[in-house]
Amino acid sequence: MSTAASVPAERPSTVYFFGTCLVDLFYPEAGLAGMELLKREGLRVVFPQGQTCCGQPARNCGFFEEARAVVRAQFAAFPEPWPIIVPSGSCAGMMRVHYPQLFAGEPDQAQAEAFASRVYELSWFLVHVLDLKLEDKGEPVTVTWHASCHSMREMGITDEPKRLLRSLSNVTLVENPRERECCGFGGTFSVRQPEVSAAMVADKIASVEATGASEMVTGDCGCMMNISGAMEKAGTPMRSRHLAEFLLERGDVR
């Protein structure tokens, strides 16, 4: 199957929301903001209480059977044929790109492919399906955008978040010329290679600071946790927020 998302034939009235582990444990405000943005567009948002991890940590560590067990639990938690909206390019990439690979040759391969075809990253869905239009009610601010590796390379999310930010009249977006460089998180990579990870995030912080922005906006909580944590340790006075939270705070639906 193609891993590229395609616009549904009809605008859905109901969607699922996949919260992700980091949203659940560390950044619930990002998930709540994402759901509220969808609700303001007239959608019914269903958050299955039985959802858990997307299975990426186990899969990335080579525990494929354990990962399949986690994924099968998601199959059961999201049974209806509704779009699954994910506020993370990393988790969305796992679900859309790697589920079909993980289940290749398995009895439930077709189920994995059908599930994957319903997965959409939040900013892509806001732009291409909902055509979100916001009226900026915030004070003037200069921000820079951090794009996660999985969001860019697996989900093809490059311009969508920037289009949303640029649509806000009082927001000045300053692009980071080193945007495509990894922040060094990479899940278990930051644990297994802490020295390399620390050097990478130091480079990322320097490039973010060089933009002159007062705030960094991102669509992945893993990157945000890594970069903002390193910033706090280094004493860097810059706020970091998830795109959904930033948009909800500043914009009214037109």
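Predicted model: local features only at pLDDT ≥ 70, side-chain atom pairs only at ≥ 80, totals over all residues.
Reader: Why is Tyr99 called buried?

Author: Its relative accessible area is 0%. Buried means under 20%, so Tyr99 is buried.

Reader: Why does Phe75 count as buried?

Author: Phe75 has a relative accessible area of 7%. The limit for buried is under 20%, so Phe75 is buried.

Reader: What makes Phe75 and Tyr99 an aromatic pair, and why is the pair called edge-to-face?

Author: The ring centres of Phe75 and Tyr99 are 6.2 Å apart, with 80 degrees between the planes. Rings pair if their centres lie within 6.5 Å, and planes over 60 degrees apart count as edge-to-face.

Reader: What does the pair of Phe75 and Tyr99 tie together?

Author: Phe75 belongs to helix α4 (residues 64-77) and Tyr99 to helix α5, so the contact ties together parts that are 24 residues apart in sequence. The structure holds 10 aromatic pairs. Ring pairs also link Phe75 and Tyr99 into a cluster with Tyr16, Phe18, Phe78, Trp82, Phe103 and Phe115.

Reader: How do you know that the charged end of Arg96 sits over the ring of Tyr120?

Author: The charged end of Arg96 is 5.7 Å from the centre of the Tyr120 ring. The distance limit is within 6 Å, and Arg96 is listed as sitting over that ring.

Reader: What makes Arg68 and Glu65 a salt bridge?

Author: Their closest N and O atoms are 3.2 Å apart. A salt bridge needs a nitrogen of Lys or Arg within 4 Å of a carboxyl oxygen of Asp or Glu, so Arg68 and Glu65 form one. They are 3 residues apart in helix α4, so about one helical turn separates them.

Reader: Which residues make up the network of salt bridges around Arg68?

Author: Glu65, Arg68, Arg72, Glu106 and Asp108 are linked in it. The count of salt bridges comes to 17.

Reader: What makes Glu181 and Arg178 a salt bridge?

Author: The closest N and O atoms of Glu181 and Arg178 are 3.0 Å apart, and the limit is within 4 Å, so they form a salt bridge. Glu181 has a relative accessible area of 37% and Arg178 has 33%. Each value lies between 20% and 50%, so Glu181 is partly exposed, and so is Arg178.

Reader: Why does Ser151 count as buried, and what is it in contact with?

Author: Ser151 is at 4% relative accessibility, under the 20% limit, so it counts as buried. Its place is in helix α8 (residues 149-153). Leaving aside neighbours within four places in sequence, Ser151 is in contact with Gly89, Gly156, Ile157 and Asp220.

Reader: What makes β6 and β7 paired strands?

Author: Strands pair if there are at least two bridges between them. Strand β7 (residues 171-173) is joined to β6 by 3 bridges, running parallel, so the two pair. Thr142 has Thr172 as its bridge partner in β7.

Reader: How do you know that β6 pairs with β8?

Author: Over 4 bridges, β6 and strand β8 (residues 215-218) pair in the parallel sense. Val143 has Glu215 as its bridge partner in β8. Strand β6 (residues 141-146) is mostly covered, with 5 of its 6 residues buried.

Reader: Which residues touch the most other members of the largest nonpolar core?

Author: In that core of 58 residues, they are Leu38, Ile84, Met95, Phe125 and Leu126. Helix α5 (residues 89-102) supplies the largest share, 6 residues.

Conventions. Residues numbered from 1 in each chain as written. Heavy atoms only, no water. Core = buried A, V, L, I, M, F, W, Y, C linked by side-chain atoms within 4.5 Å. Buried < 20%, exposed > 50% of the residue type's maximum accessible area, 1.4 Å probe, protein only. Phe/Tyr/Trp six-rings, centres within 6.5 Å; stacked < 30°, edge-to-face > 60°. Lys NZ or Arg CZ within 6 Å of the ring centre and 35° of its normal. Contact = heavy atoms within 4.5 Å. Salt bridge = Lys/Arg side-chain N within 4 Å of Asp/Glu carboxyl O.
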